[in-house]
Amino acid sequence: MGVAGQVFDLSGAPISGQQVRIGGFLGGKAVDMLTLSGLTSAYGTAGFYEFALGEELIASNGSLWVQLLDQAGLAMSEKIFFDTFDSCDKNLIFVNFKQVR
């Protein structure tokens with residue numbers, strides 16, 4: 001089970017090296033991880049990030065979020081809350097970010 005996505009600039013080009021954070025609770029346990037876009041090529045060639053949440057499928061309703069951070073760790077986006085599912089065909093959540101200003 002995991003969360004992945006891509007980060008895009010104003011022109012729609014993928015951005016590598018952008019901090020992405022996931023937080024919240026899943027199955028009663030706290031989740032707090034940080035990664036950079038561009039570190040995985042499992043879904044394409046540029047700008048992708050990925051968080052592995054575990055082997056067990058757990059349904060949740062808005063208890064997890066992802067957010068972009070700047071180099072100082074300050075928020076560059078709102079927290080994007082999402083659901084997870086206990087189904088094998090819905091165990092990878094994609095959240096893409098696009099720069100708007």
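In the predicted model, the charged end of K79 sits over the ring of W65, at 4.3 Å from its centre, a charge being assigned to a ring when NZ of Lys or CZ of Arg is within 6 Å of the ring centre and within 35 degrees of the ring normal. The charged end of K90 likewise sits over the ring of F85, 5.0 Å from its centre. The model being predicted, local features need pLDDT of at least 70 and side-chain atom pairs count only at pLDDT 80 or more, whereas totals for chains, interfaces and linings use all residues. Residues are numbered from 1 along each chain as its sequence is written, and side-chain values use heavy atoms, with hydrogens and water left out.

Two aromatic pairs were counted, with rings of Phe, Tyr and Trp (its six-membered ring) pairing if their centres lie within 6.5 Å, and with planes under 30 degrees apart termed stacked, over 60 edge-to-face and the rest tilted. Y49 and F97 form a tilted pair, with 6.4 Å from centre to centre and 45° between the planes. This pair links distant parts of the chain, Y49 lying in strand β4 (residues 48-52) and F97 in strand β8, 48 residues apart; strands are DSSP runs of E of at least two residues, numbered from the N terminus. Y49 and F97 are both buried, that is, under 20% relative accessible area with a 1.4 Å probe, protein chains only. Together with F51, Y49 and F97 form one aromatic cluster.

Technical notes. Helices (H or I, at least four residues) and strands (E, at least two) are DSSP runs, numbered from the N terminus. Buried means under 20% relative accessible area, exposed over 50%, partly exposed in between (1.4 Å probe, protein chains only).
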